[in-house]
Each structure stands twice: as structure tokens, then as C-alpha cells.
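Grab a pencil and have a look at the protein below. Then try each exercise before you read its solution.

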Amino acid sequence: MKAVVKTKRGVGNIELLEVEEPDKIGPDELLLEIKATGICGTDIHIWHDQSVYVPPVILGHEYSGVVTQIGEKVENVNIGDLVTSPATVNCGVCYFCKTGHTNRCISAKKRILGVMGANGAFAKYMVVPARIIHKVPIEVNFEDAAVSEPTACAVHAAAEMGKIDLGDIVVIQGPGPMGLLTLQVVKAQGANQTIVTGISGDEERLKIAKELGADVTVNIEEEDPVEIVGSLTNDLGADVVFEASGAVAARRQAFDLVKRTGKIIYIGITGKPSEIDLDQIVEKELKIIGSWGTVWTSWRKALKLIASGKVKGAPLVTSKMSLEEWEKGFQMMEEKKAIKVLLIP
Ligand SMILES: [Zn+2]
Ligand SMILES: [Zn+2]
């Protein structure tokens, strides 16, 4: 089968290779026929050698697939089920796994599909441990199902870590896939007003934010978001700010957008230290929260939201292409010419 493989460490080193189809699976594993896989920021980082990974590895971890083979010890899964899963295969027994923070598993035995220790979904077939999968509700098609990983990340950030309250005024910085999904999740939670900010080059994404129900969108290079949020809140500031852009400047601006006693939830990774005056946390009595990945419950909630149509993946999927076109897809993601590219093996 054809597969998009990171062959060795270094910048680039990704090739479409002919590899052997996995035929033997373990007693606790499933063989999946991959239907669609999203290109994620992590894949781009691996492309540029800016992320943790262990080559050689087939990339891709935001997927949906149909079960074609079932290990002898696996229960409650049927041939033909459409499934998806998180990328992380946690250990299940470390302190963090046992206390419910499986997303922060500390074990050296932890594996990540398409990153380290386990091949990913940029291929026709993939083997996964049965215990990590989630069955996709019948109402959800395989393309929307492939967007359930970032949706579950947004659910974890907004519902499980951020805990939006009814009537909250929420700012989301960065209209990328995470920002647009967070927008939909906070609306489902009862946020009263949503403001999405972006920069020049984000015009198309801000338009989609509007279509997905953002009350106000702001290009921060043309208008002052602090002034706009002030005018919407009697100069109090937003109840909650989500930083989903991964820009240091946005991290800093979050402090100007949030109200005293408000919450800032950081989802974006900048990859470098941010210079921020942390006295503001004390003076404004702020709650500063980080959110990383997903736990089991994030997926249950995400799949229900997708099934009910409260979260829509389709408007984010701006391109679909074959594995052969992986490089074009990676480039489109990098140059913001697409919000989400799906590779269809
Ligand atoms: Zn991802
Ligand atoms: Zn663990």
C-alpha cells in the first residue's frame, strides 16, 4: 500500500512510499481501512523537524476508518464499524493515567499514532489498540468523523478545562481549525456573545467564523479588538478568552481582552518563551488555564455534538486530495490556503 512516511530525522524527509500492508494484528488490536485523515499542525511541524517524533513512521492521526479485522480478545466492536480515536496510546497505569489525565501520560511506553511508536493513518490500512477507539455515531459521515480529533481537543479546552457559563462573552483568538471548533463548542455551551479575532490573511477564515455563528469578527491589524470588546461589555472585558493562534502577541493581548476575575485558556503552542507581565494575574485575579489534547470524555461529547449538528466539521474541510498529493496539502495548510485538508487514501 502507499503511505506518507517520515523516513528519517531532519527537515523534509517525507516520502510517498510503497510499504507492506499490515496483515497480522495482536489479540487486543484492530485493523482499520482508513477513510479520511486530516493534515494537522503536528504533521507540518514534523515535516520541518520542529516536533518530537521517531522515524521511520507513517504520519497522520486525525482519521476515520472502518474496522476490517478484529483481534481475538476484542469485544464490542464489529467488522464494518466506523471508528476514530485519539493519537495517544496512553499507558493506563501511570499516576496521570490513573487520575484521569490520560492526555498527560508520563510513561516512556506511551505511543502516539503517526508520531512515535505506532504507524499513522496516511495509508490505506492502520493497526490500532482497540481500547483507544470510539465508535462514530451513524449520523456522522467519514469526513466529519475525521475532524473529531480537533473537535475533541476543543471540547476538552472549552467544556472540560474552560467551563463556559451561560451568558458568557467569549473571545477566541485565531480562526484556525482549533479556533473555529472552539467557537462552535462554546456556542453549544451557551456563550451569549462570541468574538473571533484574526490577522490579515485570515479574511476567509473570519468569514467562515461568521457563518458558524460568531457575533463579531475582528482583523486586529485593521481594528482594535480591545476597544471592540470594551464597547460590547461596558468596558468590563470578556468573561473568557481562548488563545488558539499560537502567537506570542496574542498571548499578551489576551490579558487586555479579559475582564478582571476572568479566565484565559491557552490552547496554542508558540514554541518559544513569551514575555508577559504576570502581575496582571494577581491584580486582576485571573484564572489562567492550559489545555492539552483530549481525555476519554472529550470524545464522547465531541461525537455527540457532531452527530447533532451543533458542531460542523464540513465548513472547515476546504480541500480533499489523494495521498499522492500530500505535499500540496501540507503546503496549503502551511500557507493558510486551506483550513483543513483531508487526505483520502
Ligand atoms: Zn493533530
Ligand atoms: Zn500513563
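This is a predicted model: local features need pLDDT of at least 70, side-chain atom pairs count only at pLDDT 80 or more; totals for chains, interfaces and linings use all residues.

Residues are numbered from 1 along each chain as its sequence is written, chains are lettered from A and ligands numbered from 1 in the order in which they are written, and side-chain values use heavy atoms, with hydrogens and water left out.

**Exercise 1**

Find the protein donors of the zinc ion (ligand 2) and work out which arrangement they form.

*Solution.* 
- Step 1: Collect the donors, meaning N, O and S atoms within 2.8 Å of the metal (3.2 Å for Na, K and Ca); water is not among the atoms, so sites may look incomplete.
- Step 2: Read their spacing along the sequence: C-x2-C-x2-C-x7-C.
- Step 3: Check the angles against the rule: four donors count as tetrahedral if all angles lie between 85 and 135 degrees; four count as square planar and six as octahedral if opposite donors are over 155 degrees apart and all others between 65 and 115; anything else is irregular.
- Step 4: Around the zinc ion (ligand 2) the angles run from 103 to 116°, so the arrangement is tetrahedral.
- Step 5: Cys97 has 8% relative accessibility, so it counts as buried (buried means under 20% relative accessible area, exposed over 50%, partly exposed in between, with a 1.4 Å probe and protein chains only).

**Exercise 2**

Now do the zinc ion (ligand 1): which residues coordinate it, and which parts of the chain does the pair Cys40 and Glu62 tie together?

*Solution.* 
- Step 1: The coordinating atoms are SG of Cys40, NE2 of His61 and OE of Glu62, at 2.1 to 2.6 Å.
- Step 2: Written along the chain, the spacing of these donors is C-x20-H-E.
- Step 3: Cys40 sits in the loop between strand S3 (29-38) and helix H1 (41-47), and Glu62 in strand S5 (residues 62-70), so this pair ties together parts that are 22 residues apart in sequence. Helices (H or I, at least four residues) and strands (E, at least two) are DSSP runs, numbered from the N terminus.
- Step 4: Check burial for both. Cys40 counts as buried because its relative accessibility is 11%, and Glu62 counts as buried because its value is 2%.

**Exercise 3**

Take helix H4 (residues 148-161) and helix H10 (residues 296-307) and describe how they pack.

*Solution.* 
- Step 1: Get the angle and the distance: about 110°, with the axes 8 Å apart. Axes are lines fitted to C-alpha atoms, for helices over the stretch in contact, and angles run from 0 to 180 degrees between N-to-C directions.
- Step 2: That angle makes H4 roughly perpendicular to H10. The classes go like this: under 35 degrees is roughly parallel, over 145 roughly antiparallel, 65 to 115 roughly perpendicular and the rest oblique.
- Step 3: Look at who touches whom (contact means heavy atoms within 4.5 Å). Among the contact residues are Ala152 and Val155 of H4, and Trp299 and Leu303 of H10.

**Exercise 4**

Repeat this for H7 and helix H8 (residues 248-257): are they roughly parallel or roughly antiparallel?

*Solution.* 
- Step 1: H7 and H8 pack at about 25°, with axes 10 Å apart.
- Step 2: H7 and H8 are therefore roughly parallel.
- Step 3: The contact comes from Pro225, Val226 and Val229 of H7 and Gln253, Asp256 and Leu257 of H8.

**Exercise 5**

*Solution.* 
- Step 1: Recall the background. Most residues other than glycine have a negative phi, and most peptide bonds are trans.
- Step 2: The bond from Pro55 to Pro56 is cis, with omega near -5°, and Pro56 is in the loop between H1 and strand S4 (57-58).
- Step 3: Asn13 has a positive phi of about 55° without being a glycine. Asn13 lies in the loop between strand S1 (2-6) and strand S2 (14-18) and, at 24% relative accessibility, counts as partly exposed.
- Step 4: Asp235 also isn't a glycine, and its phi is positive, near 60°. Asp235 is in the loop between helix H7 (225-232) and strand S15 (238-243) and is exposed, at 67%.
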